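This report covers the cavities, the rings and the salt bridges of one structure. The sequence and the model come first.

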Amino acid sequence: MTSDRRGLQPRKQPRQVRAELTRQRVLDAAARVFAEYGYAAGTTNRIAERAGVSIGSLYQYYPNKDAILVELLTRHLDAGMAAGPLDQDELLPESVEGIMRFHVHNVIANHGDDPQLLRVMMEQGPRAPELLERVADSEQRRIAYARKLFRNHPDVRVADVDIAARLVVSTVEMVVHRVMAGPDQVDVARFEDELVTMLTRYLTGGPTAGAPAATPGD
């Protein structure tokens, strides 16, 4: 879905505590409405009613529901970046398994919202250029950080650190989203364990990991 960039910007940023609380009520109500009704039926009238504000008050902050969903998506991205230890190596465990668990756990935690809301945000929301740029920037920062970690860790034995960084970052984000936003419930602790095991074995499996196995007689 594409939209006019101007229609996705909040109309005003609250300067008073009361106004900020109203804006937060609108966002929280929108999250519940989108999760319950989906994006098409999640109208601004329903959001305003759930928030306990007039439709006019809602429009003082957001011109339409696209702008509200973009704000929810932005909050989701910001929470994901805040959970990562970018440029704070002292926060990380020493082992590869510990590092992978730290990362996977944080991504899972950031996808702990209502599964239906996650599907709405990621699959039905507007694709504004500035939002796509933000998503790409977030991914590139994570890849750069993973590349640095893998290059300097003595137990990482992949053949290509650059590809490994891209694979790990993309795999965690994509797999966690698909599983957590899926229609079926999952044992989150077991899912975390399995994903951490898969990534750890990949990273520590040796420089020829993924190469064809030698056949007898070679």
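How many nonpolar, polar and charged residues are in the lining of the second largest cavity? By class, that lining has six nonpolar, one polar and no charged residues (Ala, Val, Leu, Ile, Met, Phe, Trp, Tyr, Cys and Pro count as nonpolar, Asp, Glu, Lys and Arg as charged, and the others, Gly among them, as polar).

## Basis of the model

This is a predicted model, in which local features need pLDDT of at least 70 and side-chain atom pairs count only at pLDDT 80 or more, while totals for chains, interfaces and linings use all residues. Residues are numbered from 1 along each chain as its sequence is written, and side-chain values use heavy atoms, with hydrogens and water left out.

A search of the whole structure finds two cavities of 30 Å³ or more. On a 1 Å grid over the protein atoms alone, a cavity is a set of points where a 1.4 Å probe fits but cannot get out, and a pocket is an open set with protein on both sides within 12 Å along at least five of seven lines; lining residues have an atom within 4 Å of a point. Grid points are joined across faces, edges and corners, and a volume is the space filled by probe spheres set on the points. The second largest cavity holds about 40 Å³ of space. Val96, Ile99, Met100, Leu149, Phe150, His153 and Val156 line this cavity. H5 and H7 are the elements that give two or more residues to its lining (helices, H or I, of at least four residues, and strands, E, of at least two, are DSSP runs numbered from the N terminus). H5 supplies the largest share, three residues.

The largest pocket has about 700 Å³ of space. It is lined by 25 residues, of which Leu77, Met122, Val135, Glu173 and Met174 are the closest to its centre. Helices H4 (65-83), H5 (96-110), H6 (115-124), H7 (129-152) and H8 (161-180) each give two or more residues to the lining. By class, the lining of the largest pocket divides into 11 nonpolar, eight polar and six charged residues.

## Aromatic rings

There is one aromatic pair in the structure. Ring centres of Phe34 and Tyr39 are 5.4 Å apart with the planes at 45°, so the pair is tilted (rings of Phe, Tyr and Trp, its six-membered ring, pair if their centres lie within 6.5 Å; planes under 30 degrees apart count as stacked, over 60 as edge-to-face and the rest as tilted). Both Phe34 and Tyr39 are buried (buried means under 20% relative accessible area, exposed over 50%, partly exposed in between, with a 1.4 Å probe and protein chains only).

Lys65 lies over the face of Tyr39, at 4.6 Å from the ring centre (NZ of Lys or CZ of Arg within 6 Å of the ring centre and within 35 degrees of the ring normal). Arg46 lies over the face of Tyr37, at 3.9 Å from the ring centre.

## Salt bridges

The structure holds 10 salt bridges (a side-chain nitrogen of Lys or Arg within 4 Å of a carboxyl oxygen of Asp or Glu). One of them joins Arg50 and Glu36, at 2.8 Å from N to O. This pair links distant parts of the chain, with Arg50 in helix H2 (residues 44-51) and Glu36 in helix H1 (residues 17-41).

Arg151 and Asp162 meet in another salt bridge, at 3.5 Å from N to O. Arg151 is in helix H7 and Asp162 in helix H8, 11 residues apart. Arg151 counts as exposed, at 51% relative accessibility.
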